[in-house]
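Let's take a friendly walk through the charged pairs of a protein chain. Have the sequence and the 3D view open as you read.

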Amino acid sequence: MIIVGCSNSTNIAKRIARILGKTYSELSVQKFPDGELNIRFTEKLKAKDIVLVQSFYNNKKTKMSINDQLMEVFFAARTAKHLGAKSVTLASPYFPYFRQDKEFHPGECLSIKVVAHMMNECLNKILVVDPHLHRLKTMYDVFTIRSKTLTANDLIADYIKKHDGNAIIIGPDWESYRWAEKTAHKIGCESAILQKTRYGAREVKVRLNKKMDLKNKHIFLVDDIISTGHTILETIKDLKKLGGKRFTAIGIHGLLVEGALQKLRKAGATVITTNTIVGATNKIDIAHLIADALEK
Ligand code: R5P
């Protein structure tokens with residue numbers, strides 16, 4: 001097995017290789033001035049099981065967009081097969097487009113289906129950490145290749161247990177029950193899921209439909225994705241009215257776009273994320289999760 005670090009995930013790929021005691025190799029990726037990509041493997045791949053490690057998010061440092069990164073994986077997987085690899089697996093700490101799982105308006109692209117189709121074309125297997133499966137029930141609704149989902153819930157539960165015995169967990173919307181409620185169940189603490197209405201990409205309203213004593217609790221807001229932060233900000237606003245004082249927002253995938261981190265901190269929240277997306281808020285390491293799944 002060779003673990004290949006793609007442009008967004010070299011550090012975590014190195015850690016996975018180290019945990020497994022396997023060869024690590026970095027994919028060479030160049031972006032030409034006109035935006036075209038050139039990728040190259042530096043290791044011999046013949047008869048090897050190749051694991052490409054890639055998270056998909058706009059990266060200011062490398063100037064690679066999500067869509068560049070998709071092409072990078074597509075090129076890499078096809079090239080690996082061409083070079084004689086026995087199998088090609090994608091291990092993706094964060095996989096994009098899952099929120100576009102419905103034709104919201106007539107004529108709209110069902111993006112996750114198209115992206116999954118690209119992956120079905122070039123991979124043998126895909127592992128994804130906490131995909132945003134909402135209207136899709138399983139990965140097999142869009143992927144035809146072997147697929148596996150991994151969850152950081154146990155790691156989040158450990159983090160909360162270690163940091164506060166007086167925790168209460170709030171999920172900002174129905175979709176977050178998979179993370180918030182399940183994590184609360186593992187810890188054995190109280191939890192609630194709010195009712196969220198979304199009016200646009202940056203406008204949401206939330207409501208707590210249950211009486212709870214929030215005053216003396218450390219409120220952990222747990223969700224899969226923190227993007228613009230509006231969902232969490234509205235939640236904090238609502239819970240403050242009900243007496244909430246101490247807030248920690250835990251997102252598995254910290255996209256944190258459009259100044260979300262600053263806005264959340266200004267609202268009085270500590271922000272914690274896993275390292276599926278590299279950033280200053282990374283406090284929970286998911287490398288072992290992927291390494292264990294690859295070992296199995
Ligand atoms: C959507 O249902 C997700 O679980 C998140 O709640 C959402 O993506 C967060 O987005 P934002 O931070 O932009 O409100």
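Start with Lys 31, which is partly exposed, its relative accessible area being 37%. Keep in mind that this is a predicted model. The partner of Lys 31 is Asp 68: their side chains form a salt bridge, with 2.6 Å from N to O. The two residues come from distant parts of the chain, as Lys 31 belongs to strand S3 (residues 28-31) and Asp 68 to helix H2 (residues 66-82), 37 residues apart. Asp 68 has a relative accessibility of 14%, under the 20% cut-off, so it counts as buried.

Why can such partners find each other? Side chains of opposite charge can pair when their charged atoms come close.

Now turn to two loops. Asp 101 and Arg 135 make a salt bridge in which the closest N and O atoms are 2.9 Å apart. Asp 101 sits in the loop between strand S6 (87-92) and helix H3 (111-122), and Arg 135 in the loop between strand S7 (125-129) and strand S8 (146-150), so the pair ties together parts 34 residues apart in sequence. Asp 101 is buried at 7% relative accessible area, while Arg 135 is partly exposed at 38%.

One further stop is the salt bridge between Arg 246 and Asp 164, with 2.8 Å between the closest N and O atoms. Here, 82 residues separate Arg 246, in strand S14 (residues 246-254), from Asp 164, in the loop between helix H4 (153-163) and strand S9 (167-171). Arg 246 is partly exposed, with 46% relative accessible area, whereas Asp 164 is buried at 15%.

These pairs are among the eight salt bridges that the structure holds.

Definitions and conventions
Residues are numbered from 1 along each chain as its sequence is written. This is a predicted model: local features need pLDDT of at least 70, side-chain atom pairs count only at pLDDT 80 or more; totals for chains, interfaces and linings use all residues. Side-chain values use heavy atoms; hydrogens and water are left out. A salt bridge is a side-chain nitrogen of Lys or Arg within 4 Å of a carboxyl oxygen of Asp or Glu. Helices (H or I, at least four residues) and strands (E, at least two) are DSSP runs, numbered from the N terminus. Buried means under 20% relative accessible area, exposed over 50%, partly exposed in between (1.4 Å probe, protein chains only).
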